[in-house]
Amino acid sequence: MLRYAIRRILLLIPVILSVMVIIFTILYFTPGDPARIALGQEVTQEAIEAFRASYGLDDPYLVQLGRYLYRAVFHLDLGNSYIMKSAVSSELANRIPTTMKLAFWSVVFSTVVGIPMGIICAIRQYSILDSFVTLLTLLGVSMPTFWMGLLFILAFSVHLGWFPSMGFDTVSEMVLPILTLSGSSLAIIARITRSSMLEVIHSDYIRTARAKGQKESVVIMKHALPNAMIPIMTIISMQFGMLLGGSIVTEAIFSISGVGRLMLEAINTRDYPIIQGGVLFISIAFSLINLTVDILYACIDHRIHMK
Amino acid sequence: MAIKSNSLWKLAFIRLRRNYLAILGFIVLFILVFVAIFADQISPYGYEQQDYMMIRQGPSAKHLLGTDEFGRDVLSRLIYGSRISLQVGLVAVAISLFAGGAIGAIAGYFGGRIDNILMRIMDIQLAIPTILLAIVISAALGPGLFNLMVAVGITSIPRFARLMRASVLSIKGMEFIEAARAMGASHTRIILIYILPNCMAPLIVQSTLSVANAILFAATLSFLGLGVQPPFPEWGGMLSAARPYLRTNAYLSIFPGLAIMITILALNFLGDGLRDALDPKQKR
């Protein structure tokens, strides 16, 4: 068990390093001179050269890449922002809690609502409630996140005036962004729960449990649900990554100053170190969550780590 | 061979015909393709045609879905926008289908070290959430329709590669492949003539669902200002332009979103129906 966990963690290192190389390379070969964009149009040639020299932008590709990796790995230094001049790591550290809070509560919300929805649909298969929830989940996966956000603002902020349409500090400000970000995940989790539960409910051992006179609630919660959980957990861990990516859109709509908005601003100003740092953070978070779920599986289901 | 594959498709078609949602999806998509092809004939106005006397007017007989901030007809822009969305969806999926299919086929067929290297590269790409990767690539490539297609297309390569590899692995051990090899068929011939036709079912299902995903991504990127730029009427871009008027002219934010949602919904219906029809053993 422990060996499996250690092996998986060690395998993560080359993946993360490769992600860094890929993102660095994509941005390195992006046309356009970041110095000129950072300094503006009305600037002397000397100032541009000084800027390029101070960020080492004149060095060959491999030298720059090596320096970036070396500093990141051995000094946890992701470089400095071209625009704000501050360290990327401290900019990220300021924004990470907001994004994590948004993604975390969205996962919690979509799980806590999505799983019971799926279970109820599976128990009452083909009922009116089932059809209604199925329709809702179909709409949920077919609506773009940003449009859902706009509709929520329109309904709950403009017309009803219940929640503000900006910010993410107070509880009432958090409602709409979390609803928006969890919308499609909630739909996906509910759908997977329904199909996974249906599969289990029709299996022989559930019939046995019912035959021996077990109460229906115990059959569902104790016998069926644990076995239906593996695919559900896979989906939830995948949704976490989707949510971290989707938070970029949600943060843009609700003007939330998280990592996503930081990255969008950086893309507009060609602030490459910030973009690299943001992608790195989200990829590490995503990989760690997937890793945790995989290790949890191995704890629950001993057949998994044998292969 | 020919008889067996024929009956598979025939059976699938019979099953698909019974699925009303899939038929509905197909009809909606058919209409959409029709609208996109004949946009010049159908559309009441041009997508760039401005009328300064009619700025941000709500739906009326003259402008069925109203006009935007430049007095352009929203319905006409949606009609022309269907061209962009369908193009992006199809071309992006074609890119990921060909690249991912080739990678998966090579990895699955040759196995060993090649398999290991190719699939590890796919794993690395999967470590970056897809929408994030699409954002970074389209930021690097710059705005424009073709760049948008490439950015969206690259992001689903691993999905197709894994699917193709799994199919190839399940087929390459079969006896008819051995027979083909014994007859001296080259690797390329075995992959293209003998293996590929047997992988078609999952690839078709995945492609249909991926078109939906590609259209969503394209709209998202355009909404963020990275994809297709104004004045081209991309649906996501139209929503982005409508944002400042959310409080005063809500209809501007509703119709383009509806267009996206109906398209995605139709593709999902058809994709789910195809999956049930082509692979009845697999449950949803």
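## Overall picture

What percentage of the 307 residues of chain A count as buried? The share is 37%. The model is predicted, and its scores are ipTM 0.83 and pTM 0.86. For chain B, the mean pLDDT is 85. In that chain, 96% of the residues reach 70 or more. Where pLDDT is low, predicted coordinates should not be read in detail.

Chain A is built from 12 helices and has zero strands. Read from the N terminus, its elements run α-α-α-α-α-α-α-α-α-α-α-α. The C-alpha trace of chain A spans about 85 × 55 × 30 Å along its principal axes. Consider the contacts in chain A with a separation of 6 or more: 72% of them link residues 24 or more positions apart.

## Two domains in chain A

Chain A splits into domain 1, residues 2-74, and domain 2, residues 96-300. Taken over C-alpha atoms, the centres of these two domains of chain A are 33 Å apart. The domains do touch: 15 residues of domain 1 of chain A are in contact with 14 residues of domain 2 of chain A.

Which elements give two or more residues to the domain 1 side of this contact in chain A? They are α1 (2-28) and α2 (34-39) of chain A. α1(A) gives the most, with 12 residues. By residue class, the domain 1 side holds 13 nonpolar residues, one polar and one charged.

## Chain A against chain B

The contact between the chains takes 38 residues from chain A and 32 residues from chain B. On the chain A side, several helices give two or more residues, including α1, α6 (128-142), α7 (145-159) and α8 (171-201) of chain A. Also on that list are α10 (216-253), α11 (259-269) and α12 (272-300) of chain A. The largest share, eight residues, comes from α10(A).

The chain A side divides into 28 nonpolar residues, nine polar and one charged.

## The largest nonpolar core

The largest nonpolar core has 145 residues. Which of them touch the most other members? They are B:Ile135, B:Val136, B:Val152 and B:Ile215. Helix α10 of chain B, residues 187-223, gives the most to this core, with 15 residues. Chain A takes part as well: the core draws at least three residues from each of its domain 1 (2-74) and domain 2 (96-300).

B:Ile215 also has contacts beyond its neighbours within four places in sequence. They are with B:Ser85, B:Val88, B:Gly89, B:Ile260, B:Thr263 and B:Ile264.

## Helices one by one

Helix α12 of chain B covers residues 251-278. Its 28 residues should span 40 Å at 1.5 Å a residue, and the end C-alpha atoms are 40 Å apart, so the two values agree. α12(B) is mostly covered, with 23 of its 28 residues buried.

In chain A, helix α4 covers residues 61-75 and has 15 residues. It reaches 21 Å from its first C-alpha to its last, close to the 21 Å expected at 1.5 Å a residue. A:Leu76 follows α4(A), and its phi is positive, near 50°.

## Two residues in detail

B:Ala151 sits in helix α7 of chain B, residues 145-155. Is B:Ala151 buried or exposed? B:Ala151 counts as buried because 26 C-beta neighbours lie inside 10 Å, and the cut-off for buried is 20 or more. Setting aside residues up to four places away in sequence, B:Ala151 touches B:Ala134, B:Ile137, B:Ser138, B:Leu141 and B:Leu221. B:Lys62 is 89 residues from B:Ala151 in sequence and 38 Å from it in space, C-alpha to C-alpha.

A:Val175 lies in helix α8 of chain A.

Technical notes: Residues numbered from 1 in each chain as written. Chains lettered and ligands numbered in written order. Predicted model: local features only at pLDDT ≥ 70, side-chain atom pairs only at ≥ 80, totals over all residues. Helix = DSSP H or I, 4+ residues; strand = E, 2+ residues; numbered from the N terminus. Buried ≥ 20, exposed ≤ 12 C-beta atoms within 10 Å, placed from the backbone. Contact = placed C-beta atoms within 7 Å. Domains from an automatic or database assignment. Nonpolar A, V, L, I, M, F, W, Y, C, P; charged D, E, K, R; others polar. Expected span 1.5 Å × (residues − 1). pLDDT = per-residue confidence, 0-100. Core = buried A, V, L, I, M, F, W, Y, C linked by C-beta atoms within 7 Å.
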